[in-house]
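Hi,

Here is the model I promised to pass on. Have a look at it first, and then read on for my notes.

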Amino acid sequence: MPFTTLPTSAYSTLDATKLTGTVASGNLPTIPVTKGGTGLTSGTSGQFLKFTGSTTLASGKSSGQNHTFNSVTSKYSTNSTSYVSIITPTQITPSSTSSHILVRFYCSMAVLSNTSNLGHLAIQREINGSSYDYLYTGGQNSSTYTFKADGNKQGYGLALEFRDSPNTTLPVRYYIQHKTDNTGMTMYLNQNQGGQGGYMFLIQQEELA
Amino acid sequence: MNDIEKFWSALKTLKPDVECNVKDNILTEEDFNNNIEWITGKKEINSLDGGVIEQSITTTTCPYSEITWVKISEEMSKL
């Protein structure tokens, strides 16, 4: 005759090798991290498990999995004495306010100057399409990078990398902007003085804190 | 002299103090109307390093009567 409840006296002598069948999932406990489990009942497809505390796990993107990539063959030139943007990057949305964003930018460039004055680059951060700040502007003439004209009028490669901690989960993007010291100059991006160009690449990559 | 150098030379001949941001070569009236940002002013944006930085205010409509595509192309053809 089947019984629905084991008598208390049977617990200490229960032979587990005699047990068969399947236990309904509703009768199984969620095993916590402190007992070697995950403490989770579901996750997000394609993501990894990460610790969100000393005894808690959650699914999340791996470092670098959240990124944007823009490539263009457009060439730019300016004689503006105030900063002006080149390409408009795709927005990236940090998963946490503690996330860092690593930005990489590559292109060829040249500066033509009638004097010993300089061309400059700066980085402007946009948050949610409405809040703007410049970053790393402590260089010459309020710049992040400064370039002197090449006497041979040859272009050279530009590789720019920086990290920012935007402290937001709203969409962010980083504009690369250029300017010159005076209107008699011309600064060329993604091309050399001869007008030959290539690709301009901009990568924004989230690094989880 | 290549095409972009000719454009800049022609532009500075017509108006030496004009400021702009140019995308690609300016070879047609359509390029002139769409690929040039004319600097019409400056606005101040805060820097996280402290202080303020000047950013350009721009328009793609040329605000200068002395600069037209016809005049630019004429100057470029002389080079």
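Residues count from 1 along each chain as its sequence is written, while chains are lettered from A and ligands numbered from 1 in the order in which they are written. Keep in mind that this is a predicted model, where local features need pLDDT of at least 70, side-chain atom pairs count only at pLDDT 80 or more, and totals for chains, interfaces and linings use all residues.

**Where the chains touch**

The contact draws 25 residues from chain A and 24 residues from chain B; two residues are in contact if their C-beta atoms, placed from the backbone, lie within 7 Å. On the chain B side, at least two residues each come from helix H1 (3–14), strand S1 (20–23), strand S2 (36–46) and strand S3 (52–59). Those names are DSSP runs numbered from the N terminus, with helices being H or I of at least four residues and strands E of at least two. By class, the side of chain B that touches chain A has nine charged, eight nonpolar and seven polar residues.

Two strands pair if DSSP finds at least two bridges between them. Tyr76(A) sits opposite Lys23(B), and Ser77(A) has Val22(B) as its bridge partner.

**Inside chain B**

S2(B) and S3(B) make a hairpin with five residues between them, and Gly50(B) in the turn has a positive phi of about 100°.

Then there is the helix pair. H1(B) packs against helix H3 (residues 69–77) of chain B at an angle of about 115°, the axes being 8 Å apart. Axes here are lines fitted to C-alpha atoms over the stretch in contact, and angles run from 0 to 180 degrees between N-to-C directions. The crossing is right-handed, meaning that the near helix is turned clockwise from the far one by less than a right angle. From H1(B) the residues involved are Lys6(B), Phe7(B), Ala10(B), Leu11(B), Thr13(B) and Leu14(B), and they meet Lys71(B), Ile72(B), Glu75(B) and Met76(B) of H3(B). That contact counts six nonpolar, three charged and one polar residue.

**Inside chain A**

Chain A splits into domain 1 (9–60) and domain 2 (67–207), with bounds from an automatic or database domain assignment. Their centres, taken over C-alpha atoms, are 50 Å apart.

Strand S11 (residues 172–180) of chain A is mostly covered, with nine of its nine residues buried. A residue is buried if 20 or more other C-beta atoms lie within 10 Å of its own, exposed if 12 or fewer, and partly exposed in between, with C-beta atoms placed from the backbone. S11(A) has antiparallel partners: strand S7 (residues 118–127) of chain A over nine bridges, and strand S5 (residues 84–85) of chain A over two bridges.

Ser71(A), in strand S3 (residues 67–72) of chain A, counts as exposed because it has 11 other C-beta atoms within 10 Å. Apart from neighbours within four places in sequence, Ser71(A) is in contact with Tyr199(A), Met200(A) and Phe201(A).

Most residues other than glycine have a negative phi. Asn128(A) is not a glycine, yet its phi is positive, about 60°; Asn128(A) lies in the loop between S7 and strand S8 (131–135) of chain A. Asp24(B), also not a glycine, has a positive phi of about 60°, and its place is the loop between S1 and helix H2 (29–34) of chain B. Asn128(A) is partly exposed because it has 13 C-beta neighbours inside 10 Å, and Asp24(B) is partly exposed because 19 other C-beta atoms lie within 10 Å.

Over to you!

Definitions and conventions
Ala, Val, Leu, Ile, Met, Phe, Trp, Tyr, Cys and Pro count as nonpolar, Asp, Glu, Lys and Arg as charged, and the others, Gly among them, as polar.
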